[in-house]
Amino acid sequence: MLIVMVSVHVKPEYVEAFRAATIANATASVKEKGIARFDVIQQNDSPTHFLLVEVYRDADAPAKHKETAHYKTWRDTVEEMMAEPRKSLKYSNVFPNEEGWG
(Lines give C-alpha, C1' and ligand atoms only; values in the text may rest on other atoms or scores of the structure.)
Protein backbone atom coordinates (compact mmCIF):
# COMPACT_ATOMS: atom_id res chain seq x y z
CA MET A 1 0.00 0.00 0.00
CA LEU A 2 1.14 3.51 -0.80
CA ILE A 3 -0.63 6.57 0.58
CA VAL A 4 -0.08 9.92 -1.08
CA MET A 5 -1.21 13.14 0.58
CA VAL A 6 -1.48 15.98 -1.90
CA SER A 7 -1.79 19.49 -0.49
CA VAL A 8 -3.42 22.03 -2.79
CA HIS A 9 -3.84 25.77 -2.21
CA VAL A 10 -6.49 27.17 -4.57
CA LYS A 11 -7.09 30.78 -5.60
CA PRO A 12 -10.24 32.01 -3.81
CA GLU A 13 -12.20 32.63 -7.00
CA TYR A 14 -11.71 28.99 -8.07
CA VAL A 15 -12.73 27.12 -4.91
CA GLU A 16 -16.07 25.85 -6.26
CA ALA A 17 -14.67 25.01 -9.71
CA PHE A 18 -11.74 23.18 -8.10
CA ARG A 19 -14.11 21.21 -5.87
CA ALA A 20 -16.23 20.17 -8.84
CA ALA A 21 -13.25 19.13 -11.00
CA THR A 22 -11.62 17.27 -8.11
CA ILE A 23 -14.79 15.42 -7.14
CA ALA A 24 -15.19 14.33 -10.78
CA ASN A 25 -11.60 13.04 -10.79
CA ALA A 26 -12.00 11.28 -7.43
CA THR A 27 -15.27 9.65 -8.51
CA ALA A 28 -13.56 8.14 -11.55
CA SER A 29 -10.36 7.35 -9.65
CA VAL A 30 -12.01 5.10 -7.04
CA LYS A 31 -13.14 2.86 -9.92
CA GLU A 32 -9.50 2.11 -10.81
CA LYS A 33 -8.34 -1.35 -9.77
CA GLY A 34 -5.18 0.01 -8.10
CA ILE A 35 -6.91 2.61 -5.91
CA ALA A 36 -8.38 1.68 -2.52
CA ARG A 37 -9.48 5.23 -1.58
CA PHE A 38 -9.39 8.72 -3.00
CA ASP A 39 -10.58 11.30 -0.48
CA VAL A 40 -11.01 15.02 -1.09
CA ILE A 41 -10.80 17.10 2.10
CA GLN A 42 -11.27 20.86 2.49
CA GLN A 43 -9.79 22.78 5.43
CA ASN A 44 -12.50 24.27 7.68
CA ASP A 45 -10.74 27.45 8.71
CA SER A 46 -9.10 28.06 5.33
CA PRO A 47 -11.43 26.88 2.54
CA THR A 48 -8.86 27.53 -0.19
CA HIS A 49 -6.75 24.65 1.17
CA PHE A 50 -7.49 21.07 0.15
CA LEU A 51 -5.93 17.72 0.91
CA LEU A 52 -6.23 14.77 -1.43
CA VAL A 53 -5.70 11.43 0.29
CA GLU A 54 -4.88 8.83 -2.33
CA VAL A 55 -4.52 5.23 -1.18
CA TYR A 56 -2.93 2.97 -3.77
CA ARG A 57 -2.85 -0.82 -3.61
CA ASP A 58 0.72 -1.04 -4.96
CA ALA A 59 3.66 1.12 -6.03
CA ASP A 60 2.75 0.92 -9.73
CA ALA A 61 -0.80 2.26 -9.30
CA PRO A 62 0.08 5.99 -9.13
CA ALA A 63 1.78 5.88 -12.54
CA LYS A 64 -1.21 4.03 -14.01
CA HIS A 65 -3.53 6.61 -12.45
CA LYS A 66 -1.60 9.43 -14.11
CA GLU A 67 -2.17 7.79 -17.51
CA THR A 68 -5.97 7.93 -17.22
CA ALA A 69 -8.07 10.43 -19.16
CA HIS A 70 -9.83 11.65 -15.99
CA TYR A 71 -6.51 12.46 -14.27
CA LYS A 72 -5.18 14.31 -17.33
CA THR A 73 -8.43 16.28 -17.59
CA TRP A 74 -8.24 17.17 -13.88
CA ARG A 75 -4.55 18.15 -14.08
CA ASP A 76 -5.11 20.44 -17.06
CA THR A 77 -8.34 21.91 -15.67
CA VAL A 78 -7.05 22.83 -12.22
CA GLU A 79 -3.57 24.04 -13.19
CA GLU A 80 -4.59 27.71 -13.40
CA MET A 81 -6.73 27.42 -10.26
CA MET A 82 -3.80 26.78 -7.93
CA ALA A 83 -2.30 29.61 -5.89
CA GLU A 84 0.99 27.68 -5.73
CA PRO A 85 2.27 24.32 -7.00
CA ARG A 86 0.66 21.35 -5.26
CA LYS A 87 2.81 19.38 -2.83
CA SER A 88 2.73 15.67 -2.16
CA LEU A 89 4.08 13.43 0.56
CA LYS A 90 4.20 9.63 0.41
CA TYR A 91 3.38 7.38 3.35
CA SER A 92 3.29 3.67 4.16
CA ASN A 93 0.25 2.08 5.72
CA VAL A 94 0.42 1.10 9.40
CA PHE A 95 -3.24 0.50 10.40
CA PRO A 96 -5.68 -0.83 9.32
CA ASN A 97 -4.11 -3.67 7.37
CA GLU A 98 -4.71 -3.86 3.62
CA GLU A 99 -7.99 -5.74 4.02
CA GLY A 100 -9.27 -2.87 6.17
CA TRP A 101 -9.11 -0.47 3.19
CA GLY A 102 -11.85 -2.35 1.34
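Buried means under 20% relative accessible area, exposed over 50%, and partly exposed in between, with a 1.4 Å probe and protein chains only.

A word on the model before we go on. It is predicted, with local features needing pLDDT of at least 70 and side-chain atom pairs counting only at pLDDT 80 or more, while totals for chains, interfaces and linings use all residues. Residues are numbered from 1 along each chain as its sequence is written, and side-chain values use heavy atoms, leaving out hydrogens and water.

Let us start with the strands. Helices (H or I, at least four residues) and strands (E, at least two) are DSSP runs numbered from the N terminus. Strand β3 covers residues 49-56, and because six of its eight residues are buried, the rest of the structure largely encloses it. Two strands pair if DSSP finds at least two bridges between them. The pairings of β3 are set out below.

| Partner of β3 | Direction | Bridges | Example pair |
|---|---|---|---|
| β1 (residues 2-9) | antiparallel | eight | I3 with V55 |

A hairpin of six residues connects β2 to β3.

Next comes helix α1 (15-29). Its 15 residues should span 21 Å at 1.5 Å a residue, and the end C-alpha atoms lie 20 Å apart, which agrees; the expected span is 1.5 Å times one less than the number of residues. The buried residues of α1 are V15, F18, A21, T22, N25, A26 and S29. They cover an arc of only 135° around the axis, so they sit on the same side of α1. That arc is taken from the directions from the helix axis to the C-beta atoms. E16 and A20, on the other side of α1, are exposed. The cover over the buried residues includes β1, β2, β3, α2 (61-65) and α3 (69-78).

S29 belongs to α1 and is buried, with a relative accessible area of 0%. Its side chain reaches the backbone oxygen of N25 at 2.7 Å. Leaving aside neighbours within four places in sequence, S29 is in contact (heavy atoms within 4.5 Å) with I35, F38, H65 and H70.

Helix α3 has a buried side too, with Y71, W74 and V78. Viewed down the axis of α3, these buried residues fall within an arc of 65°, so they line one face of the helix. The face turned away carries the exposed residues A69 and T73. The buried residues of α3 pack against α1, β3 and α2. W74, not counting residues up to four places away in sequence, touches F18, A21, T22, N25, L52 and R86.

Finally, K11 lies in the loop between β1 and α1 and counts as partly exposed at 30% relative accessibility. The K11 side chain reaches the backbone oxygen of E80 at 3.1 Å. Apart from neighbours within four places in sequence, K11 is in contact with E80, M81, M82 and A83. K11 and S46 are 35 residues apart in sequence and 11 Å apart in space, C-alpha to C-alpha.

How values were computed. Polar contact = N/O pair within 3.5 Å; in protein donor to acceptor, adjacent residues only side chain to side chain.
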